[in-house]
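Dear colleague,

Please find below the structure that I am handing over to you. My notes on it follow directly after.

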Amino acid sequence: MKRFHVHVGVADLEENIRFYSTLFGAAPSVVKNDYAKWMLDDPRINFAISQRGSRHGVNHLGMQVDSSEELTAMQSQLAAADSTMTTESGANCCYAKSDKLWTTDPQGVAWETFHSLGSIPLFSGEESAAADSGAASKVDASIASTAKASCCAPSQGAATSHDATTRACCA
């Protein structure tokens with residue numbers, strides 16, 4: 001089953017956690033020093049906020065799927081919608097390791113379709129995040145050393161039909 005995903009860049013994390021917790025009637029399921037996420041069933045949404053990047057407001061939209069089979073099925077739909085779709089395997093982003101598909105809509109809004117493979121103690125692979133969270137270890141350092149430099153956007157140089165995808169999250 002798919003879950004709608006929205007990622008919003010915010011200036012004040014605590015203020016926004018208070019606002020969205022009140023709006024959703026639930027506390028976030030994940031809280032970090034620069035990030036929070038609500039995994040809601042009503043409405044079925046993965047709603048994330050972060051202080052990463054210089055832009056505030058909607059960063060990107062997407063669909064989270066429950067299996068690699070669902071991701072493969074979505075890949076053909078996305079390719080039909082935008083032939084310049086970008087694929088990322090094992091991306092480290094937003095404290096999770098995921099397989100991802102990226103495209104942009106005709107307005108230039110970045111769309112991320114992804115299957116989460118597990119959580120990681122880092123936002124996007126930078127070692128400082130592990131140290132900030134107090135969770136630094138040999139495993140964390142290994143993840144950090146192999147992580148991509150970008151987060152919540154396809155790797156640089158990837159073909160996209162619109163410039164917005166390469167400027168997405170954390171830009």
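In this predicted model, eight strands form an open sheet with mixed pairing, in the order β2-β3-β4-β1-β5-β8-β7-β6. Strands here are DSSP runs of E with at least two residues, and helices are runs of H or I with at least four, both numbered from the N terminus; two strands count as paired if DSSP finds at least two bridges between them. The edges are held by β2 (30–32) and β6 (86–93); each has a single partner strand, so one side of each lacks a neighbour in the sheet. On average, neighbouring strands are turned by 25° against each other, direction ignored. Such angles are taken between axes, which are lines fitted to C-alpha atoms (for helices, over the stretch in contact), and run from 0 to 180 degrees between N-to-C directions.

Residues are numbered from 1 along each chain as its sequence is written. Local features need pLDDT of at least 70 and side-chain atom pairs count only at pLDDT 80 or more, while totals for chains, interfaces and linings use all residues; side-chain values use heavy atoms, with hydrogens and water left out.

At the β2 end of the sheet order, β2 and β3 (residues 35–41) form a hairpin with two residues between them. Their pairing is antiparallel, over three bridges; V30 is bridged to K37, and V31 to A36. A second hairpin, again through two residues, joins β3 to β4. These two strands are antiparallel over seven bridges, one of which pairs D41 with R44. Five of the seven residues of β3 are buried (under 20% relative accessible area; exposed is over 50%, partly exposed in between, with a 1.4 Å probe and protein chains only). The strand is therefore largely enclosed by the rest of the structure.

Helix α1 (residues 13–24) lies across β2, β3 and β4 (44–50), at about 10° to β3. The largest nonpolar core has 13 residues, of which V6, V8, I17, W38, F47 and I49 touch the most other members. A nonpolar core is a set of buried Ala, Val, Leu, Ile, Met, Phe, Trp, Tyr and Cys residues joined through side-chain atoms within 4.5 Å. At least two residues of this core come from each of β1 (3–9), α1, β3 and β4. Apart from it lies another core of six residues, including L71, L78, M85 and L101.

Eight aromatic pairs are found in the whole structure. Rings of Phe, Tyr and Trp (its six-membered ring) pair if their centres lie within 6.5 Å; planes under 30 degrees apart are stacked, over 60 edge-to-face and the rest tilted. The centres of F19 and Y20 are 5.0 Å apart and their planes stand at 85°, so this pair is edge-to-face. F24 of helix α1 and F47 of strand β4 are 23 residues apart in the chain, yet their rings also form an edge-to-face pair, at 5.2 Å and 75°. F24 is partly exposed at 22% relative accessible area, whereas F47 is buried at 7%. Ring pairs link F19, Y20, F24, W38 and F47 into a cluster.

Finally, a word on confidence. The mean pLDDT (the predictor's confidence in each residue, from 0 to 100) is 77, and 71% of the residues reach 70 or more. Values lie below 50 over residues 127–150 and under 50 over residues 155–171. Where pLDDT is low, the predicted coordinates should not be read in detail.

With kind regards

Technical notes: Contact = heavy atoms within 4.5 Å.
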